[in-house]
Structure formats: C-alpha cells, structure tokens
Amino acid sequence: MKFTPDKLPIYGETLESLEQWLFQQKQPRFRARQIMDWLYKKRVHTWSEMTNLPMSLRDWLSETFDLSPTQLVIRKSSEDITNKLLLRLRDGSLIETVIIRAPQKGVGQDTSRKTICISTQVGCAYGCRFCASGLAGWKRDLSPGEIVSQLIQICHLEDPITSRDKNEIASFDNIVVMGMGEPLANYDNLLQALKILNAPWGLNFGARRITVSTSGLVPEMIKLASEPMPFRLALSLHGATNEVREQIMPINRRYPLEELIPAAKLFVEKHGHMLTLEFILIEKINDTIAQADALIEIARDLHAHVNLIPYNTVQGLPWKRPSRRRQNVFLEKLHKNHIPATIRREKGHDINAACGQLRLQIEKNGVALPA
Ligand code: SF4
C-alpha cells in the first residue's frame, strides 16, 4: 500500500531536488541552501521562522511541503536508560523510534553516548516468529522524509538549539536502522534518507556511525556492498544453522546460510568494517551449546562481532528469555573461542522495547492516544 500525502515531507528532499522545485518557481538556486540551513542547522519548527526568505516563498513552501510528518504521541522511559517514542504519521499509522543511552564512566547522564534506533516501514512482511513488528503484517514503506523526520524529532526533543555546538549538528552518536520493518525491503527510500542524513547540507552525520540492519535479504546486501557510503552492517542471524534459523525466521527459506554468509562476506570485503551478528537468545531454541559452536564457526569466518540479546518477552508469543546462567554459558563459550561478543542487558525490558511491541500493544488494546 502506498500513502500519498497532501504535502510532501520536506525532510525527504535533497539539495538537488529542492533546487529543481525552486527553479520551477523561478527562485534562485541559493534559496535551496538557505532552506536546508534552516531545517538542519537552525532546526526551526515553522516556515515563518525562515526570516531570510521572501514571504511569498514561505507561503509556497508551506502549501507544498510538510514540516512535521511525524508527531510524537507517547514517550516512555524505562528504568534503565532507554526511551521509546511512539510517533504518528500523517495517515494515522504508528511507528517507533528508540533512544538508547550508554552512560560514560565518570561523567553525568547528559554526556552519555546516545544511539537512535529508527524504523523504515509500518509493520513488517518478514514475519520473524519472535518479533512484535511482524505480528500484524506489513502496512507500508516509510518515505525518505518520514525516515529522516524521526531523527529531526529526536533533535528537537533532546537537543535544544541553545545548548548546541554549532559544528555538531546532531546530539546523538550513532544511528541504527533496526526499528520496525526490514530496512533493505525499502531500499531506495532508505538510501535517499541516509544520503540526506550524511550530506554536509543535511544532518552531516558520518556514514561510519550509521548501522543498517537486515534479516538477510541477499540481493539487497550485495547491492548495498557496492554503495560508496561506508555504512556498517548488522546481520540479524538469530540461528546458526538452517534448521534453527528456519524455525524462527521464514526468510531463511528464501536465502539460506549458504547464500547469506557469502553476501555478508562480500560486504565486509568491500567496506572493510567489522560486521555485527545480532543473535537474540531464546530459551531452548538457539541458546544451546550446539548453536554456540555453529555461531563460532560463522563469526570466525566473517571476522564478526557477536551481539547477544536476551529475548524480550512479547505478549502473545510463546518464546522465553533464557536464565542468566544459560546466557552466561553461551557468552563464555564464544569468549573461550576468541570471538568478540557482548551481551545486551535489560535495555528497555520494562517499556516494551522489543521492536514493534509498544505499537502493537496500543493498537491491540485500542488505547486512546493524545490527539
Ligand atoms: S525482526 Fe525485523 S525483519 Fe523480522 S519481522 Fe521483525 S522487523 Fe521484520
């Protein structure tokens, strides 16, 4: 399903496309840079604040473009340091954006490292058995403007313009494209959004600090490997043999490990970054010693870092989080075999932080949201 809004989200425009629009309006090219400056450097909330633009141009911009395609409806904070935002799009769809804070030793929370996890689709068609996002199926792709707007929303919320170093445009340290949806299934819109985030006239955010996650869409992984921007890649593996992976990730039937691992290898060879293997630990499904052994082989082959994520329980799904003891045995096994591995502890477990869970709960229970 494609959603065509009345007005185009301005955050989906590149400098070149905005110049084209302005050319049609018989406006000089330099106006496009002025507008980008207001959007990404001064980060205004209204067209009327763009005071160096003629009034007639401001009127045309406001009739043509949407300055706020995402609207904050709920902000939930967890007992640890994860914040989850539920955002409403112009067609009423809900998406999630998450702020994950990692406090630095010896400094206050304000200077913690911040990672922003953004969504690329409303729902998801890939139906991983453990995931809340896929439970209600896929509704639509997000436009580039809706993807970028999630970050602008965070900038507005987290980083008042007065407290900002002018050279440091964003207040966060990393972006992970790992929220609701399969990012590579919305390839063109994602790439356009990343280009805007990375561009000097846009958010000027370094590509090396952007990680794109995938459940394993092999053709798109190969395509991404040939992109010039040096993004990082995280592969949601979650099963180290075809048998186990298939049980929880239907995509494995289309792209089994024999195809997936070479595609991941190609990406590593082309971009030279260490790949991350995401591995959600689910009790008695993939937390066994046999799975750890198979994972060691894959991680060694790919020179990958393994990120273990104890499963966040999702209402209505049968899977369980393994005990601390089982989690530690798995982690130690990797470490003993010299595989760089970390385990993510408890970030947001108390705020439905599993991908898509907050949205699912709100939609299922018909909770009235603020207008
Ligand atoms: S884990 Fe990712 S790809 Fe799988 S259903 Fe959830 S959102 Fe989709």
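Reply: What follows describes the sheet, then the helices packed on it, and a helix contact that involves one of them.

The model is predicted, and local features are given only at pLDDT of at least 70, side-chain atom pairs only at pLDDT 80 or more, while totals for chains, interfaces and linings use all residues. Residues are numbered from 1 along each chain as its sequence is written, and side-chain values use heavy atoms, with hydrogens and water left out.

The sheet is open and has ten strands, in the order S3-S4-S5-S6-S9-S10-S11-S12-S13-S14, with mixed pairing. Strands here are DSSP runs of E with at least two residues, helices are runs of H or I with at least four, and both are numbered from the N terminus. Two strands count as paired if DSSP finds at least two bridges between them. Strands of a sheet pair through backbone hydrogen bonds, either parallel or antiparallel. The edges are strand S3 (70–77) and strand S14 (341–343); each has a single partner strand, so one side of each is left without a neighbour in the sheet. From one strand to the next, the twist averages 20°. Axes are lines fitted to C-alpha atoms, for helices over the stretch in contact, and angles run from 0 to 180 degrees between N-to-C directions.

Strand S5 (residues 94–102) has seven of its nine residues buried, so the rest of the structure largely encloses it. Buried means under 20% relative accessible area, exposed means over 50%, and partly exposed lies in between, using a 1.4 Å probe and protein chains only. On one pairing, S5 runs antiparallel to strand S4 (residues 82–89), joined by seven bridges. Leu85 has Thr97 of S5 as its bridge partner. The hairpin of S4 and S5 has four residues between the strands, and Gly92 takes a positive phi near 90° there. S5 also pairs with strand S6 (residues 113–118), again antiparallel, over five bridges. In that pairing, Val98 has Cys117 of S6 as its bridge partner.

A parallel pairing is found between strand S12 (residues 276–281) and strand S13 (residues 305–310), which are joined by six bridges. Ile280 stands opposite Ile309 of S13.

Helix H4 (residues 144–158) packs on the sheet and touches S3, S4, S5, S6 and strand S9 (174–177), with its direction at about 55° to that of S3. Contact means heavy atoms within 4.5 Å. Helix H10 also packs on the sheet, touching S12 and S13, and its direction makes about 165° with that of S12.

H10 (residues 289–302) also packs with helix H11 (residues 324–336), at an angle of about 30° and with the axes 10 Å apart. That angle makes H10 roughly parallel to H11; the cut-offs are under 35 degrees for roughly parallel, over 145 for roughly antiparallel and 65 to 115 for roughly perpendicular, with the rest oblique. The H10 side of the contact consists of Ile289, Gln291, Ala292, Asp293, Leu295 and Ile296, and the H11 side of Val329, Phe330, Lys333 and Leu334. By class, seven of these residues are nonpolar, one is polar and two are charged. Nonpolar covers Ala, Val, Leu, Ile, Met, Phe, Trp, Tyr, Cys and Pro, charged covers Asp, Glu, Lys and Arg, and the others, Gly among them, count as polar.
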